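User: Please take a close look at a single part of this model. I would like one connected account.

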Amino acid sequence: MPPRSDPTARPVPVEEVDAAIGLIRGERWAALSTVEPDGAPLGAMAAYAVARDWSAVYLHLSTLSRHTRNLFHDTRAALTIAMSDDGRSDPQTLARLTLMGQVKPLERDSQHYQRVRALYLRRLPESEQLFEFTDFVLFEMTPAAVHYVGGFVRAYHFDYQKVVDQIRR
């Protein structure tokens, strides 16, 4: 039997891209997936902030954590963002998406780091004390793709550039 074509690889309605943008904007806590040195996946929860131009997503992570050490070994990462559970009878109708891309640590003494730090703290002000700890690293994730599920028969896989283009309109 030939493999089925991917039903999520189809044109994405503007409304679905807008819904994905709203989800990214509306949440601030997500599941971060990394790759272990032996190739196994590892998931962890992490707070995030988005660049003003939406070109990147920022994560502030401790090197004491396994998922952070994984990012130094393999820069591939996925960030899964979901609507908060509102108690509805079918949680599968909650919108969710995964951003897939690469991460890189930011140099602590750079101007870029200082700008990102300020942006991150505007979104997550209670994180300020964590910037004092030397084991924390600020990562910049450059998303390449989005897998978005808005509900039943509303699954799409598309380039992250669609998000950036929609924001700039």
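Analyst: Thr-68 is buried, with a relative accessible area of 0%. Buried means under 20% relative accessible area, exposed over 50%, and partly exposed in between, using a 1.4 Å probe and protein chains only. The model is predicted: local features need pLDDT of at least 70, side-chain atom pairs count only at pLDDT 80 or more, and totals for chains, interfaces and linings use all residues. Residues are numbered from 1 along each chain as its sequence is written, and side-chain values use heavy atoms, with hydrogens and water left out.

Thr-68 sits in helix H2, residues 66-73. Helices (H or I, at least four residues) and strands (E, at least two) are DSSP runs, numbered from the N terminus.

What does the side chain of Thr-68 reach? The backbone oxygen of Ser-62, at 2.7 Å. A polar contact is a pair of N or O atoms within 3.5 Å; within protein, one must be able to donate a hydrogen and the other to accept it, and residues adjacent in sequence count only if both atoms are side-chain atoms.

Thr-68 also touches Leu-61, Ser-62, Thr-63 and Phe-139, leaving aside residues up to four places away in sequence. Contact means heavy atoms within 4.5 Å.

Now the rest of the helix. His-67, Thr-68, Asn-70 and Leu-71 are the buried residues of H2. They cover an arc of only 155° around the axis, which puts them on the same side of H2. The arc is that of the directions from the helix axis to the C-beta atoms. The cover over these buried residues includes strands E1 (29-35), E2 (41-47), E4 (57-62), E5 (76-82), E6 (96-105) and E7 (136-149).
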